[in-house]
Amino acid sequence: QHDDLIEGHAVYLGLRDLSAMRLLCWCPLGDSRYSGNLEIPIVRKNHTFSEHVSILEYYAKGFHVHQEQELFISTRIRGHLESAPYSFRLGEWAVMDEELKCLTSFDAERPSYVSRPLPLSWTQEQAL
């Protein structure tokens, strides 16, 4: 897509069949040194479902289950308007957000990791 009104593309991560998603990465267009392609690290996960019945069934059998993820990509234009997103189901694959480094907000100036490990509190460190 080439248009002077396009500011970039927003990549959202959501859970399949749930009305929940969050901004994963912002990919600006133009002269930004952070414009260009985005490589999203993924890993295969067993027992990944979007149907709640299947999740509960396998959980009851003692398996570690996962909710299926979905990527949404929309085009953002001037005025902070976004197109309807294209959706891509990930099936048995999950985004490794702890290894993904990109612009994590629309006003970010430098890339950061999408998911950072939380520092342990003093009492949690003592428990270990």
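Colleague: What does the accessible surface of the protein come to, and what share belongs to carbon and sulfur atoms?

Modeller: In this predicted model, the accessible surface is about 9200 Å². Carbon and sulfur atoms hold 53% of that surface.

Colleague: How many of the 128 residues count as buried, as a percentage?

Modeller: The buried share is 30% of the 128 residues.

Colleague: Which helices and strands are there, and in what order do the elements run?

Modeller: The protein has 2 helices and 11 strands. Starting at the N terminus, the order is β-β-β-β-α-β-β-β-β-β-β-β-α.

Colleague: What makes Cys25 and Cys102 a disulfide?

Modeller: Their sulfur atoms are 1.8 Å apart, and the cut-off for a disulfide is 2.5 Å. The distance is within the cut-off, so the pair counts as a disulfide. A disulfide is a covalent bond between the sulfur atoms of two cysteines. The count for the protein comes to 1 disulfide.

Colleague: Which parts does the pair of Cys25 and Cys102 tie together?

Modeller: Cys25 belongs to strand S2 and Cys102 to strand S10, so the bond ties together parts that lie 77 residues apart in sequence. Both Cys25 and Cys102 are buried.

Colleague: Why is the disulfide of Cys25 and Cys102 called left-handed?

Modeller: The torsion about the S-S bond is about -75°, so the disulfide is left-handed.

Colleague: Why is Cys27 called buried?

Modeller: Its relative accessibility is 11%. Buried means under 20%, so Cys27 counts as buried.

Colleague: Which residues make up the largest nonpolar core?

Modeller: That core has 11 residues, including Cys25, Cys27 and Cys102, along with Leu24, Val95 and Val114. Strand S1 (6-15) and strand S2 (21-28) each supply at least two of the core residues. S2 gives the most, with 3 residues. A second, separate core has 6 residues, among them Ala10, Leu23, Trp26 and Leu103.

Colleague: What is Cys102 in contact with, leaving aside its neighbours within four places in sequence?

Modeller: Its contacts are Leu24, Cys25, Leu38, Pro111, Ser112 and Val114.

Colleague: Why is the pair of Trp26 and Phe106 called edge-to-face?

Modeller: A pair of aromatic rings is described by the distance of the centres and the angle of the planes. For Trp26 and Phe106 the centres are 5.1 Å apart, which is within the 6.5 Å cut-off, so the rings pair. The planes stand at 70°, and an angle over 60 degrees counts as edge-to-face, so the pair gets that name.

Colleague: Where do Trp26 and Phe106 lie in the chain?

Modeller: Trp26 is in strand S2, while Phe106 is in the loop between S10 and strand S11 (112-113). The two residues are 80 residues apart, and the pair links distant parts of the chain.

Colleague: Is Trp26 buried or exposed?

Modeller: Trp26 has 7% relative accessibility, which is under 20%, so Trp26 counts as buried. Phe106 has 30%, which falls between the limits of 20% and 50%, so Phe106 is partly exposed.

Colleague: How many aromatic pairs are counted in the protein?

Modeller: The count comes to 3 aromatic pairs. Ring pairs also link Phe49, Tyr58 and Phe63 into a cluster.

Colleague: What makes His80 exposed?

Modeller: Its relative accessible area is 58%. Exposed means over 50%, so His80 is exposed. His80 lies in the loop between strand S6 (69-77) and strand S7 (81-82), and has a positive phi of about 60° although it is not a glycine.

Colleague: Where is Asp17 found?

Modeller: Asp17 is in the loop between S1 and S2. Its phi is near 65°, a positive value in a residue other than glycine.

Colleague: Why does Asp97 count as buried?

Modeller: Asp97 has 16% relative accessibility, and the limit is under 20%, so Asp97 counts as buried. Asp97 lies in the loop between strand S9 (93-95) and strand S10 (101-102). Beyond its neighbours within four places in sequence, Asp97 is in contact with Arg22, Val114 and Ser115.

Colleague: What does the side chain of Gln67 reach?

Modeller: The side chain of Gln67 reaches the backbone oxygen of Arg16 at 2.8 Å. Gln67 is found in strand S5 (residues 66-67).

Conventions
Residues are numbered from 1 along each chain as its sequence is written. Side-chain values use heavy atoms; hydrogens and water are left out. Helices (H or I, at least four residues) and strands (E, at least two) are DSSP runs, numbered from the N terminus. Buried means under 20% relative accessible area, exposed over 50%, partly exposed in between (1.4 Å probe, protein chains only). Contact means heavy atoms within 4.5 Å. Accessible areas come from the Shrake-Rupley method with a 1.4 Å probe; for residues, only the protein chains shown count as cover. A nonpolar core is a set of buried Ala, Val, Leu, Ile, Met, Phe, Trp, Tyr and Cys residues joined through side-chain atoms within 4.5 Å. A polar contact is a pair of N or O atoms within 3.5 Å; within protein, one must be able to donate a hydrogen and the other to accept it, and residues adjacent in sequence count only if both atoms are side-chain atoms. Rings of Phe, Tyr and Trp (its six-membered ring) pair if their centres lie within 6.5 Å; planes under 30 degrees apart count as stacked, over 60 as edge-to-face and the rest as tilted.
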